[in-house]
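Here are some notes to read with the model open beside you. Take the points one at a time and find each place in the picture as you go.

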Amino acid sequence: MSVKIKSVPSVSVTYARNGASTKANALGMRPMQERAYEKRGEQYLLLKSPPASGKSRALMFVALDKLENQGINQATIVVPEKSIGASFNDEPLSRYGFWADWHVEPKWNLCNALGNDNGGKVKSLGTFLNGIDKVLVCTHATFRFAVDTYCVEAFDDRLNAIDEFHHVSANPDNKLGQHLAQFIERDKTHIVDVTGSYFRGDAEAVLAPEDESRFDTVTYTYYEQLNGYEYLKKLDIGYYFYSGSYIDDILNVLDPAEKTIIHIPNVNSRESTKDKIKEVEHIPGELGDWQGIDPATGFQMVKCLDGRMLRIADLVDPTNQGKIQESLRAAAIEDRP
């Protein structure tokens with residue numbers, strides 16, 4: 001099947017390219033990180049900042065100060081899924097001017113550990129809480145099960161830092177949201193919430209108003225981030241309207257000659273067919289003939305009608321997810337078409 005590419009309307013924005021968002025101060029902090037660090041003494045801190053603005057490192061700076069100077073015993077870094085745990089690997093922050101390095105003992109990065117979120121990892125988190133080590137990294141799921149197991153009191157005088165905070169909801173059915181409300185009501189732990197998008201696609205409130213009022217907010221806008229790059233000249237944002245199923249119309253705007261990232265709608269959204277595996281399978285099937293899976297990378301191989309070979313990294317199907325994630329991190333992948 002040939003893919004007809006339509007002209008997609010777009011909004012075009014030109015940026016100043018002043019390099020501000022990539023320049024570091026004497027402590028090795030970029031502007032957003034410096035702004036967050038100025039609020040490091042707050043018990044409840046909400047950081048809203050775009051992707052690639054340095055949120056993970058900002059969290060490191062704040063957590064290290066709380067551990068060293070604010071009487072906080074331990075820090076638990078909570079991420080939505082295992083691959084994001086790598087964002088909190090060791091960082092030699094002192095090399096760039098900070099007064100300490102970021103270090104996580106390998107056994108306490110539970111994103112790399114074997115076992116189930118509600119099994120051995122919960123036991124490991126309990127061992128950590130009773131130990132002397134300072135930092136642990138785990139997934140939202142592991143943290144939820146751990147709070148159910150050990151109760152909110154076990155986290156007193158500790159920092160709970162929640163990455164990708166928009167996964168939380170004020171809806172009573174949202175378990176992580178329930179736990180957060182319990183922590184705030186008890187008021188004996190520090191909480192830092194980090195997100196690039198403080199809204200949810202299901203229109204649920206992230207925090208109840210009375211809880212949100214407890215947080216001091218640091219906001220770093222998309223315009224500040226993009227305007228501060230040195231080489232980004234212009235950004236074009238395209239939009240396209242459709243009716244019916246998105247998987248039928250997406251091929252009208254998808255250009256297989258361009259490197260493309262496709263975000264499949266959440267299964268709870270109105271746009272989802274409720275079968276994300278089939279949604280993903282449909283797109284490569286329409287782009288060309290499936291040639292199998294590259295054993296070295298785990299990528300799907302699809303041959304287009306013009307003879308070009310597409311390599312598609314499917315991060316929805318869990319079968320080869322680990323291998324694909326490692327392949328995407330590899331420097332050698334940059335040389336592939």
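1. Start with two helices: the axes of helix H4 (residues 140-150) and helix H5 (residues 175-186) come within 10 Å and cross at roughly 55°. Axes here are lines fitted to C-alpha atoms, for helices over the stretch in contact, and angles run from 0 to 180 degrees between N-to-C directions. Helices (H or I, at least four residues) and strands (E, at least two) are DSSP runs, numbered from the N terminus. H4 and H5 are therefore oblique to each other; angles under 35 degrees count as roughly parallel, over 145 as roughly antiparallel, 65 to 115 as roughly perpendicular and the rest as oblique.

2. A word on the source: this is a predicted model, in which local features need pLDDT of at least 70 and side-chain atom pairs count only at pLDDT 80 or more, while totals for chains, interfaces and linings use all residues. Residues are numbered from 1 along each chain as its sequence is written, and side-chain values use heavy atoms, with hydrogens and water left out.

3. Which residues make the contact between H4 and H5? From H4 come His140, Phe143, Arg144, Val147 and Asp148, and from H5 come Lys175, Leu176, His179 and Phe183, where contact means heavy atoms within 4.5 Å. By class, the contact has 4 nonpolar, 2 polar and 3 charged residues. For these classes, Ala, Val, Leu, Ile, Met, Phe, Trp, Tyr, Cys and Pro count as nonpolar, Asp, Glu, Lys and Arg as charged, and the others, Gly among them, as polar.

4. Now look at H4 by itself. His140, Ala141, Thr142, Phe143, Ala146 and Val147 are buried in H4; buried means under 20% relative accessible area, exposed over 50%, and partly exposed in between (1.4 Å probe, protein chains only). The cover over these buried residues includes S3, H3, strand S4 (135-139), S5 and H5. Just after H4, Cys151 has a positive phi of about 70°.

5. Next, the rings. The structure holds 9 aromatic pairs: rings of Phe, Tyr and Trp (its six-membered ring) pair if their centres lie within 6.5 Å, and planes under 30 degrees apart count as stacked, over 60 as edge-to-face and the rest as tilted. One of the pairs is Phe155 with Phe183, edge-to-face, at 5.6 Å centre to centre and 85° between the planes. This pair links distant parts of the chain, 28 residues apart, with Phe155 in the loop between H4 and strand S5 (159-162) and Phe183 in helix H5. Phe155 is buried at a relative accessible area of 0%, and Phe183 is buried at 4%. Elsewhere, ring pairs link Tyr37, Phe61, Phe98 and Trp99 into a cluster.

6. Please check two more backbone angles. Most residues other than glycine have a negative phi. Ala52, however, has a phi near 70°; Ala52 sits in the loop between strand S2 (44-48) and helix H2 (55-69) and is exposed at 60% relative accessibility. Asp187 also has a positive phi, about 65°. Asp187 lies in the loop between H5 and strand S6 (190-195) and is partly exposed at 33%.

7. Finally, visit Asn320, in the loop between strand S11 (309-312) and helix H10 (321-329). Is Asn320 buried or partly exposed? At 23% relative accessibility, Asn320 counts as partly exposed. Leaving aside residues up to four places away in sequence, Asn320 touches Ile293 and Gly298.
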